[in-house]
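The briefing is arranged by topic.

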Amino acid sequence: MTWLRAEWDRFLAWGLLATGAVLLVVGAVRVADHRYLADQLSFIMSAGIGGLGCIGFGAGLLLSADLHDEWRKLDDLEVLLEETPERAGRLEAAAPAAQHAPAPAHSLQAVR
């Protein structure tokens with residue numbers, strides 16, 4: 001139940017994708033069974049467009065859920081980067097001699 005509360009958008013998205021696929025298959029079978037164009041158009045309008053709408057909305061929800069995960073990861077990185085200057089300040093206070101040491105010549109050549 002906790003997973004469902006946290007991932008409701010993914011659950012709904014996969015449900016909409018499955019419903020859309022079923023609607024498209026049922027619509028295609030029903031269109032193939034009828035001979036007259038007027039009957040076929042009614043099934044195309046109801047099942048076909050409804051199925052495509054469900055698939056489109058489900059795909060949008062999946063993309064939204066993925067973006068939500070990415071935003072959460074970026075927030076975690078932002079918190080980590082905000083903590084980093086404090087850690088760097090403590091390291092500089094602990095080793096002030098290492099701060100003024102000259103860089104090796106071979107490391108400068110590798111950068112160029």
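Glu7, Arg10, Asp66, Asp69 and Arg72 are joined in a network of salt bridges; a salt bridge is a side-chain nitrogen of Lys or Arg within 4 Å of a carboxyl oxygen of Asp or Glu. By this rule, the count of salt bridges comes to five. The model is predicted: local features need pLDDT of at least 70, side-chain atom pairs count only at pLDDT 80 or more, and totals for chains, interfaces and linings use all residues. Residues are numbered from 1 along each chain as its sequence is written, and side-chain values use heavy atoms, with hydrogens and water left out.

**The salt-bridge network**

- Glutamate 7 forms a salt bridge with arginine 10, and the closest N and O atoms of this pair are 2.8 Å apart.
- Glutamate 7 counts as buried because its relative accessibility is 18%; buried means under 20% relative accessible area, exposed means over 50%, and partly exposed lies in between (1.4 Å probe, protein chains only).
- Arginine 10 also counts as buried, because its relative accessibility is 18%.
- Arginine 10 forms a salt bridge with aspartate 66 too, with the closest N and O atoms 2.9 Å apart.
- This pair links distant parts of the chain, since arginine 10 is in helix H2 (residues 8-33) and aspartate 66 is in helix H3, 56 residues apart; helices (H or I, at least four residues) and strands (E, at least two) are DSSP runs, numbered from the N terminus.
- Aspartate 66 has a relative accessible area of 38% and is therefore partly exposed.
- Aspartate 69 forms a salt bridge with arginine 72, where the closest N and O atoms are 3.0 Å apart.
- Aspartate 69 is buried, because its relative accessible area is 16%, whereas arginine 72 is partly exposed, because its relative accessible area is 43%.

**A buried charge without a salt bridge**

- Aspartate 9 is found in helix H2.
- Aspartate 9 is buried yet has no salt bridge, and the nearest side chain of opposite charge, arginine 10, is 5.3 Å away; here Lys and Arg count as positive and Asp and Glu as negative, while His and the chain ends are not counted.
- Aspartate 9 touches Leu61 and Ala65, leaving aside residues up to four places away in sequence; contact means heavy atoms within 4.5 Å.

**The nonpolar core**

- In soluble globular proteins, nonpolar side chains tend to be buried together.
- Six residues make up the largest nonpolar core: Ala13, Leu16, Leu17, Cys54, Leu61 and Leu62. Such a core is a set of buried Ala, Val, Leu, Ile, Met, Phe, Trp, Tyr and Cys residues joined through side-chain atoms within 4.5 Å.
- H2 and H3 are the elements that give two or more residues to this core.
- Leucine 62 touches Arg10, Ala13, Trp14 and Leu17, not counting residues up to four places away in sequence.

- Glycine 15 lies in helix H2 and is partly exposed, because its relative accessibility is 33%.
- Glycine 15 and glycine 58 are 43 residues apart in sequence, and their C-alpha atoms are 7.6 Å apart in space.
- Phenylalanine 43 lies in helix H3 and is buried, because its relative accessible area is 17%.
- Not counting residues up to four places away in sequence, phenylalanine 43 touches Gly27, Arg30, Val31, His34 and Gly48.
- Phenylalanine 43 and arginine 30 are 13 residues apart in sequence, with 6.8 Å from C-alpha to C-alpha.

**The chain as a whole**

- The chain has four helices and zero strands, and its pattern along the sequence is α-α-α-α.
- Of its 112 residues, 18% count as buried.
- Among contacts between residues at least 6 apart in sequence, 72% join residues at least 24 apart.
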